[in-house]
Amino acid sequence: QVQLVESGGGLVQPGGSLRLSCAASGSIFRIFVMAWYRQAPGKQRELVAGITSRGTTNYTTSVKDRFTVSRDNAKNTVYLQMNSLKPEDTAVYYCNMNLQQIGTRNIYDYWGQGTQVTVSS
């Protein structure tokens, strides 16, 4: 079994910063893409940022130059540093990992439980 546990959400004022973390545990052989998604009330879940095993990153346009995604492969952990936060960044943030378990050939997507980020004065 594989489990993804997120941390770091909370309430922050506009212009503030938060850092999200997501650690994977279990029988993991290799993690390919790590990513962060978010879902605001009444909206579809959207990709915020992703990072490949080689460190290539991509961001949705609205967070470029404000958010930074990074990973620690030794710890099976992905981070999302969020700066200059805006009220429109308010959402539940989910981590996602595309990985292969030990002893299998299949690659599946796994999701964290979600962490609330609220940007408000």
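The model is predicted.

**Strand pairing**

Strand β4 covers residues 28–39. Its antiparallel partner is strand β5 (residues 46–51), and 5 bridges join the two. Within this pairing, R38 faces E46 of β5. The two strands make a hairpin with 6 residues between them, and in that turn G42 has a positive phi of about 75°.

Strand β5 also pairs with strand β6 (residues 57–59), again in the antiparallel sense, through 3 bridges. Here A49 stands opposite Y59 of β6. This second hairpin has 5 residues between its strands, and G55 in the turn has a positive phi of about 95°.

β7 and β8 form a hairpin with 4 residues between them, where N76 in the turn has a positive phi of about 50°. Strand β8 is mostly covered, with 5 of its 6 residues buried.

| Hairpin | Residues between strands | Turn residue and phi |
|---|---|---|
| β4 and β5 | 6 residues | G42, about 75° |
| β5 and β6 | 5 residues | G55, about 95° |
| β7 and β8 | 4 residues | N76, about 50° |

**The disulfide**

How many disulfides does a search of the whole structure find? The search finds 1. The disulfide is formed by C22 and C95, with their sulfur atoms 1.9 Å apart. C22 belongs to strand β3 (residues 18–26) and C95 to strand β9 (residues 91–101), so the bond ties together parts that are 73 residues apart in sequence. A disulfide is a covalent bond between the sulfur atoms of two cysteines.

Are C22 and C95 buried or exposed? C22 has a relative accessibility of 0%, so it counts as buried. C95 likewise has a relative accessible area of 0% and is buried.

**Around A35**

A35 is found in strand β4. Its relative accessible area is 4%, which is under the 20% limit, so A35 is buried. Leaving aside neighbours within four places in sequence, A35 is in contact with L47, A49, G50, Y94, C95 and N96. The C-alpha atoms of A35 and N98 are 8.6 Å apart, although the two residues are separated by 63 residues along the chain.

**The nonpolar core**

The largest nonpolar core has 30 residues, and the members that touch the most others are W36, V78, L80, M82, Y93 and M97. Strand β9 gives the largest share, 5 residues.

**Rings and a charge**

R45 is placed over two rings. Its charged end sits over the ring of Y94, 3.8 Å from the ring centre. R45 also lies over the face of W111, at 4.8 Å from the centre of that ring. Y94 is among the residues in contact with A35. As for pairs of aromatic rings, a search of the whole structure finds 1.

Most residues other than glycine have a negative phi. D65 lies in the loop between β6 and β7. Its relative accessible area is 83%, which is over 50%, so D65 counts as exposed.

S84, also a residue other than glycine, has a positive phi near 50°. S84 is in the loop between β8 and β9. With a relative accessibility of 41%, between the limits of 20% and 50%, S84 counts as partly exposed.

Methods
Residues are numbered from 1 along each chain as its sequence is written. This is a predicted model: local features need pLDDT of at least 70, side-chain atom pairs count only at pLDDT 80 or more; totals for chains, interfaces and linings use all residues. Side-chain values use heavy atoms; hydrogens and water are left out. Buried means under 20% relative accessible area, exposed over 50%, partly exposed in between (1.4 Å probe, protein chains only). Contact means heavy atoms within 4.5 Å. A disulfide is a pair of cysteine sulfur atoms within 2.5 Å. Rings of Phe, Tyr and Trp (its six-membered ring) pair if their centres lie within 6.5 Å; planes under 30 degrees apart count as stacked, over 60 as edge-to-face and the rest as tilted. A charge sits over a ring if NZ of Lys or CZ of Arg is within 6 Å of the ring centre and within 35 degrees of the ring normal. Two strands pair if DSSP finds at least two bridges between them. A nonpolar core is a set of buried Ala, Val, Leu, Ile, Met, Phe, Trp, Tyr and Cys residues joined through side-chain atoms within 4.5 Å.
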